[in-house]
Amino acid sequence: MQSVPQRPDPHVKLYRDLLDDAALAESLGFDSIWLSEHHFWFDGYCPADLVAAGAVLGHTSRIGVGTAVMLLPMHPVDKVGAEAAMLSRLGEGRLTLGVALGYREPEFDGFGLRRKDRARLMDALLPRLAETCAAAQPVVPVYVGVASAVAAQRAGRLGLPLFADSTMNHAELREMLAAYEAAREAAGLPPPPVHALQRDVFVTDDPDRDWAMLFPELRYMRRQYGSWSSPQATGETATAYRERLDADIDAKLKNLIFGSAGEVGAKLREFEALGFGLIVCRSQFGNLPRAGLRRAIEGLGRLAG
Amino acid sequence: MKLGAGPLALGSPSDLRALAQAAVEASFDCLWLDGPPAAAAMVAQWVPVRVGAVVDIGIHHPLHIAEDIAVADLTCGGRLEVLLRPAHEDPGVVKEHMQVLAAALSGAHIQWEGLHLRVPARLADNGQVPQRLALNPRPMQPAVPAWVLDAERASFASARRWSAGMSIGRRSHLPELVLCPARVEASELLEAAGEEPAYFVIAADSPAEARAAGRRLAGPLRMPEFPDWARSV
């Protein structure tokens, strides 16, 4: 849910759209819908995934709802565990948690935390969350968001399934899975039933039309994430900084899957063959026009169905 | 007078749905849940009336609480109400958390330096952090109706021990929120309220209790000199 400068929307409409999109996804046969989290950003980005998940669970009756991903080190783990268990019970087992470190310094600082402590916090909080979620009725599955082999090892030591970042390529994913397997086997834990992978995916029946719609939003989204992970350096001019961000955009766009339903399906099956049985497709970038987003979701739904 | 039902226990989903539906059909203005904003966000999708959540204050960072309230209010289209329950033994901590929560929900650009909280923290190890921060997104309502549990008075927590000794006081633009037993009579509530506005939350534990309370209370509380003939219909 983002009200971007090039396409501002009232925040209440964005959250209403979320419920409409969830109902649409359910009607098209998707297995689940996923929510992401950031804090203190002007555009309405959701900072409270479990609350939004509660609304989606209440608005739907079959589809699963997941967090992709909740920034666990910023949260009180007892509150997360208790609310996840409550939502799982009331939502009849449809909640899944994906959790990861987070990276944006103003978010950690807002909650009185140091970014540099995030791995230590994750090491302390993740086992407690996993224990609470395993004891919930119904059980709440927990995935660990990863973008590196080190993070995969953390998940492997706990035997928790992976939720791989959308920007990783095939080689990086293979390396990460190997690191995970080594850590899991060393811990003597059984393999999880499934790993998850997030991908930027857009199904189109008119590539020229949709690319013209998509590219400004993708560029905006990548500039935003790039600026969060790599802030403007002291003394760096605005022009130089934008050029640096835009250079990174080209690298990230290489991982975008854009094409017909058949082309997208073939690409997704490659990731399935790698070992990712759950693929979370992000088709909303920035704040796409509703009609365009709906076309993409319906196109993807032809695969899901 | 306003009428709420609750606090509804977050037990089985089917029981909760049945009780919520019965309370709506019995003309209650709000369903109060014995749970956090995430529960209210869910139940708000089932019913067309307002929903209330109970939030502990003083344990978790008030910005997390503010974010929960804002997202719940947005997803339920501005129908959220909250009861703030002091949950820290130090009243100073509770007071400061309340102040930061209120500032955040107001949409202000916050720079708070207190005994217990500093927002933003501006920790030396964090790099580029702003001098101020603001809650985003904000709630849909200009001000989410919020009450503070007063443990020393007959109120939400002690309502099952409520008696005719209850007093109605108006300390803000909101009427006092008072939890009452399911079998309370309209005459008792009217006598207690006198000329003051009041918001009664009826502790109905079953669909049958909710329906009975609605039949008995809704008319008399909403209309002075409710006609006798209507009571017997």
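User: What makes you say that domain 1 and domain 2 of chain B are in contact?

Analyst: Keep in mind that this is a predicted model. Two residues count as in contact if their C-beta atoms, placed from the backbone, lie within 7 Å. By that test, 19 residues of domain 1 of chain B are in contact with 15 residues of domain 2 of chain B, so the label follows from the cut-off. The assignment gives 1-34 + 151-233 as domain 1 and 42-149 as domain 2 of chain B.

User: Which elements supply the domain 1 side, and what kind of residues are they?

Analyst: β1 (2-8), α1 (13-25) and β2 (30-33) of chain B each supply at least two residues of the side of domain 1 that touches domain 2. The largest share, four residues, comes from β2(B). By class, that side of domain 1 of chain B has 13 nonpolar, three polar and three charged residues.

User: How many residues of chain A and chain B are in contact with each other?

Analyst: Here 38 residues of chain A are in contact with 42 residues of chain B. On the chain A side, α1 (11-28), α2 (49-59), α3 (77-90) and α4 (105-110) give two or more residues each, and α2(A) gives the most, with eight. The classes on that side of chain A are 22 nonpolar, eight polar and eight charged residues.

User: Why are β7 and β8 of chain B said to stand at the edges of the sheet?

Analyst: The open sheet has seven strands in the order β7-β4-β3-β2-β1-β9-β8 (chain B), with parallel pairing. β7 (146-148) and β8 (176-181) of chain B have a single partner strand each, so one side of each is left without a neighbour in the sheet. From one strand to the next, the twist averages 25°.

User: How do you know that β4 and β7 of chain B pair?

Analyst: Strands pair if there are at least two bridges between them. β4 (residues 80-86) and β7 of chain B have three bridges, in the parallel sense, so they meet the criterion. For one residue you can look at, L84(B) has V148(B) in β7(B) as its bridge partner.

Notes: Residues numbered from 1 in each chain as written. Chains lettered and ligands numbered in written order. Predicted model: local features only at pLDDT ≥ 70, side-chain atom pairs only at ≥ 80, totals over all residues. Domains from an automatic or database assignment. Nonpolar A, V, L, I, M, F, W, Y, C, P; charged D, E, K, R; others polar. Axes fitted to C-alpha atoms, helices over the stretch in contact; angles between N-to-C directions.
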